[in-house]
Amino acid sequence: MASACGLLISTTSSATVTAISSFPPKPEPSISNHHRLPNLTRRDLALLSFIALVPPLSRPDPAFAFGISGPKDWLREQKKKASRFLLAPIDASRESLLAAHRLLMDDTNQEIEEVQRLFRSAARDCVVEDRSSFVAFQANTGVEVCTFRLLVKNAASLLGDKDPVKLEAESMLNDLIRSFSSLNVLVNESDTLLALQRKKVADSLMDTISSLDKFEQGIKNCLEA
């Protein structure tokens, strides 16, 4: 009986193998190397798209990449290329001061609040007495909030602490902040509406613009040093 069962199982297995082997193998799709795509994730594709958009001039040269020589020169060149972004706040402050000066010269009493607003915008949080409570809180926690001071730190970051170009820029910064502080007192005095006082404010505005121009040159000198 056992022999009969074994013979039956053997015969059935052989028939099954023969039936399976009679089917031709499933052909694999032909994909040439030229059309084969790598297995990329969305993150990979996004990264490749970003790299493609980065201009070649913003990438480090081989000397910088391998740390052999020239990293400081490369960084200096990048700062020069970014100079228009660094100088943009200075240009904006100058435009605000000029606009405030025009309003004062128009002798329109209703515009004095706009003059004060333009002044606060031009000062870039560098006048301690004129900071908002939030900005004052940030300053008290050690955060640098004065835009002009941040510009000096950025532009002179490759210069030594005793570098004369950096020291000159810091001196111009201090003069600029003093000029803004003096102007702040005049702008917020109660008799600003008087013609004589308006003339004093207008003259102080022009002095501040002059200090701003000198400060801008100091930033440019740092970028070119």
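1. Ser96 is found in helix H5, where helices are DSSP runs of H or I with at least four residues, numbered from the N terminus. The residue is buried, at a relative accessible area of 11%; buried means under 20%, exposed over 50% and partly exposed in between, with a 1.4 Å probe and protein chains only. Leaving aside residues up to four places away in sequence, Ser96 touches Leu118, Ser121 and Ala122, contact being heavy atoms within 4.5 Å.

2. On provenance: this is a predicted model, in which local features need pLDDT of at least 70 and side-chain atom pairs count only at pLDDT 80 or more, while totals for chains, interfaces and linings use all residues. Residues are numbered from 1 along each chain as its sequence is written, and side-chain values use heavy atoms, with hydrogens and water left out.

3. The axes of H5 (residues 83–105) and H6 (residues 112–123) come within 8 Å and cross at roughly 160°. Axes are lines fitted to C-alpha atoms, for helices over the stretch in contact, and the angles run from 0 to 180 degrees between N-to-C directions. H5 is therefore roughly antiparallel to H6 (over 145 degrees; under 35 is roughly parallel, 65 to 115 roughly perpendicular, the rest oblique). The crossing of H5 and H6 is left-handed, that is, the near helix is turned anticlockwise from the far one by less than a right angle, clockwise being right-handed.

4. On the H5 side, the contact is made by Ser93, Ser96, Leu97, Ala99, Ala100, Leu103 and Leu104. H6 contributes Ile112, Glu114, Val115, Leu118, Ser121 and Ala122. These residues divide into 9 nonpolar, 3 polar and 1 charged (Ala, Val, Leu, Ile, Met, Phe, Trp, Tyr, Cys and Pro count as nonpolar, Asp, Glu, Lys and Arg as charged, the others, Gly among them, as polar).

5. For helix H9 (residues 164–187) and helix H10 (residues 195–224), the axes come within 9 Å and cross at roughly 160°. H9 and H10 are therefore roughly antiparallel to each other, and their crossing is left-handed. The residues of this contact comprise 14 nonpolar, 7 polar and 5 charged.

6. The structure holds 3 aromatic pairs. Rings of Phe, Tyr and Trp (its six-membered ring) pair if their centres lie within 6.5 Å; planes under 30 degrees apart are stacked, over 60 edge-to-face, the rest tilted. Phe119 and Phe180 have ring centres 5.9 Å apart and planes at 45°, so the pair is tilted. The pair links distant parts of the chain, with Phe119 in H6 and Phe180 in H9, 61 residues apart. Both Phe119 and Phe180 are buried.

7. Between Phe148 and Phe215 the ring centres are 5.6 Å apart and the planes stand at 75°, so this pair is edge-to-face. Phe148 lies in helix H8 (residues 147–155) and Phe215 in H10, 67 residues apart, again linking distant parts of the chain. Phe148 is buried, with a relative accessible area of 0%; Phe215 counts as buried at 0% relative accessibility. Phe119, Phe148, Phe180 and Phe215 form one aromatic cluster.

8. Asp125 lies in the loop between H6 and H7, and its phi is near 60°, a positive value in a residue other than glycine. Asp125 is partly exposed, with a relative accessible area of 32%.

Note on methods: Helices (H or I, at least four residues) and strands (E, at least two) are DSSP runs, numbered from the N terminus.
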